[in-house]
Amino acid sequence: MMRYRKGDGERSGLFTRRALLLGGAQAVLLSALAGRLYQLQVIETQRFATLAEENRINLRLLPPSRGLILDRTGQPLAVNRNNFRAMATSDRGRGVDVLVDRLDQIFSLGETEKNRLLRDLRRSRNAQPVVVRENLGWEEVARLEFNAPDLPGVFIDLGQTRDYPEGELMSHIIGYTGRVSDEDLAGRDDPVLQLATMRFGKKGMERALEDSIRGRAGAVQVEVNAVGRVVRELDRTEGQPGANALVTIDLDLQRFVAERIKEHQSGSVVVMDVITGDVIAMVSTPGFDPNTFARGITQAEWRELLDSSERPLHNKAIGGVYPPGSTYKMVTALAALESKAIEPWTRLPCPGFLMLGGIKFHCWLKSGHGSTNVVEAITQSCDCFFYEAARKAGIDRIADVGTRLGFGRHSELGLPGESTGIQPSRSWKQEKLGKSWQHGDTFNIGIGQGFMNATPLQLAIMTARIANGGYEVQPNLLLASATPREELVPPKPRDKPTAPSLRFNPQHIALIREGMVNVVASGTAHHLRLDANNKLIEPQYRFAGKTGTAQVKRITERERAMGITQDQLPWHLRHHALFVCYGPVDNPRYACAVIIEHGKAGGATAGPIGRDVLIEVMKRDPSRRTDGFRKMASR
Amino acid sequence: MSLALDAPAPIGFGEKIWRINWGLVLVLTAIAGIGVLALYSAAGGRFEPWAARHAVRYGAALGLTLVVALIHPKVWLTLAWPIYVVSMLLLVAVDVVGKIGMGAQRWLVIGPMQIQPSEIAKVAVILVLARYYHGRRKEEASKFLYTLPPIAVILAPVALVMVQPDLGTAMMVLLGGGALLFVAGVRLWMFLAAGIAAVGCLPIAWSFMHEYQRKRVLTFLDPDRDPLGAGYHITQSKIAIGSGGLFGKGFLKGTQSSLNFLPEKQTDFIFTTFVEEWGMVGALVLLALFALVLVWGFSIALRSQHHFGRLVALGVTAMMFLYVFINTAMVMGLLPVVGVPLPLVSNGGTAMVSVMFACGLLIGVNVYRDAQLPLRR
């Protein structure tokens, strides 16, 4: 017996004491746990309850639907189309490499896209979703759904994407949208711009109208789980869709114009309402397909657009600058008349050239025009008359009249990418070139050459201001803009300009217009008396115009002597062909400016285009049409 | 009479069944029941994939408990060393060929079975230490030289699980073994010396730690230093517990767990899942059930007539306490996250088996409380 119990009493006594000590220690520690529970669940429970709610509830912005853009007859130019896109959220950037590799297997994203996605996923805060790929086709959606178990945090979202049904035809006017850039964000604190799916106007009207067309974001309160996936919706406030816009363009006329100039490599046409300033058509060729941008342009497509020598992304109608050539002679004439340098009856001689400081200034007609008054000089486009008239008026007067007619400055069109052109003056030359003004400069400006540079839009503005009797109309592209809830009332048709008068003597304007009428009736463009079918133009569509042929390269004395013709020169050295016109003659309503780059001669190349376009616009008379308002209201 | 007192007649089977602590079994079943409830909720109100399996597993483990409880302690006395040696070999094996799981080598796959040798080691250490001190006299137990073998017995598995690395199990074996040495009569100055040595070794331990372990310790000291990274688990767990308040958000209504803000909500953080829904009241009930288990354990230890039984009972009780304390203190942000499950509540098979096996040993001590065991040297 003792074998089992020997000394056990002592051992068990010690064991009991120490076991009780241990038990006491455990009791103390368990009480500490209870105390901690009390601290967390009673004392601090409010704070933790709030944190749990913040975890659970997420405020999400609902992107507003972008306003539509319609032409003045209500035809769609920019609309929204459903867009299935793959979105991804990441759990605080964990496992993104694996995820992106799997997505690459499904969509074959390519290196650049993969890197973009990795960056976006790592940077995304509060588990905000990131766009993987847009405009998914049926097959891609199916493939994604099939692989869903391997793609945690990836889901398909139905959004909207921009669609441009007219494609290239309206590319320069409508422009396109793209991802929001840091520059776009500058000065705008609209939170909706932070959304990955948001698009921002980059060019054209999309850009100009951005802040009204975008709309206001709605918000939805959702319950989310830890990876940011929405579990259910708690509350919703609807946003406001962007304002729809009616532009002044007449799509059918625009199409007519594009059709009419497509035989030429590069050119532009602007058609304006001389009373309201509405731009009825504005074409610059070549254009580009804005749908490429809406779809997500590839690097290769972008390079191709950028590298093309015809600069398809460039809107030449407002951004291209050309010497106006003879189309500028109205400015010289008006400046000379206004400054009393010449009188309506003043006749100036033309022996075929003028000498100034030992340099020969040629008239385009070698044999000379004899002596002409201002109306005859415009009709025949006599260079000598305008050299002399310019000299008499002086550069200051010419620059003043040129500026009043719209040269050398931005118009109020509002489209991005507009050039100011150059209306040279003494101060301009001093500032830009550091040289003082010479008489020879004045001679050159007198016939629209030298430093003089203008955009097709500016030529249309000048023509419009002459045609409407000297009112400062501004070109305008936006006919009306309204959110779907607002009521739209079409404005009453106007027959008198509301723009301020430029305070020219009406008799002087009348003389200029008489000259322009004669250009077509009997002058440098008398072939335009007849329409495309060689029929005399009906009286109600008769129009006035002025040809212009702008030198790209100086004609040397040697070439002049050898009688080298334009056809013998390489394309890029040939003259630009210009034509400005307005009509109808008796009650002018529309003005048009045409520039065909390197089109050799204004009367022959640009003239017929101006004629056909002007007759077409007079026939259609879009200023009387208000069906666009009705169609927009019904959308 | 005195003969009967000194050497009681072997007890019959009916008596053995009668001596099983059925009250304790009831408490254990209640705890496992809470586990089923919490796992049902963690799965979003479904029995799959955890709750149903948990119930079945508990049933099987309870059978094991009862079988173990009926095995005579002298069998364990005989098997103590072999079990210990085998568990050490398995630990070495897991370090060499172990499968990578949860960032550490803890699992060994043998045929269809996945076993965690560290769980066996916990029980083996208790058995070996109990056996060792069963055969020591009081004077011997208090001597330093006699303390060296037990220290080696404790440190061997500690070293092997640290390599895995499994800080939680290492801590449990160290503290559990220490508790056994304490009640076995090791002098207090040795604990003091060990404590001082441990503090002195901290910098060395730090240099041996993995990057993620250091991060856990730093995060524990200041959870706000990385609220979206390493501190995320603790922060979210505290939010869940705190937002539960006094009475909880209600069964199946815990937002933190159902929306997956809680990490590992079915294993190490199951306490959080439960407490978010049942509040402080639920937490105290659960802790009280565990406290009952501990009280039972102590009383069984104190009533055992033999030293082996005392030590085994106390070892099992200390192990239970360490499980519960480390796990709950961890999810409440009182201890670093070390990966210790809540026994009978967390999802997971090996821990359930080892805990229920240990409980079987505990109940066995009660059944054979007056057995006569030879004092083998």
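Strand β1 of chain A and strand β8 (residues 218-224) of chain A pair in the antiparallel sense over six bridges; two strands count as paired if DSSP finds at least two bridges between them. Helices (H or I, at least four residues) and strands (E, at least two) are DSSP runs, numbered from the N terminus. The model is a predicted one, in which local features need pLDDT of at least 70 and side-chain atom pairs count only at pLDDT 80 or more, while totals for chains, interfaces and linings use all residues. Residues are numbered from 1 along each chain as its sequence is written, and chains are lettered from A and ligands numbered from 1 in the order in which they are written.

Elsewhere in chain A lies helix α21 (residues 456-467). Its twelve residues should span 16 Å at 1.5 Å a residue, and its end C-alpha atoms are 16 Å apart, which agrees; the expected span is 1.5 Å times one less than the number of residues. Twelve of the twelve residues of α21(A) are buried, so the helix is largely enclosed by the rest of the structure. A residue is buried if 20 or more other C-beta atoms lie within 10 Å of its own, exposed if 12 or fewer, and partly exposed in between, with C-beta atoms placed from the backbone. The buried residues of α21(A) include P456(A), Q458(A), R465(A) and A467(A). Among the elements that cover them are β11 (267-273), α22 (506-521) and β19 (576-583) of chain A. After α21(A) comes G469(A), whose phi is positive, near 90 degrees.

Chain A also meets chain B: 46 residues of chain B are in contact with 41 residues of chain A, contact meaning that the C-beta atoms of two residues, placed from the backbone, lie within 7 Å. On the side of chain B that touches chain A, α14(B) gives the most, with ten residues.

Finally, T29(B) is found in helix α3 (residues 22-42) of chain B. T29(B) counts as partly exposed because it has 14 C-beta neighbours inside 10 Å. T29(B) and L62(B) are 33 residues apart in sequence and 8.6 Å apart in space, C-alpha to C-alpha.
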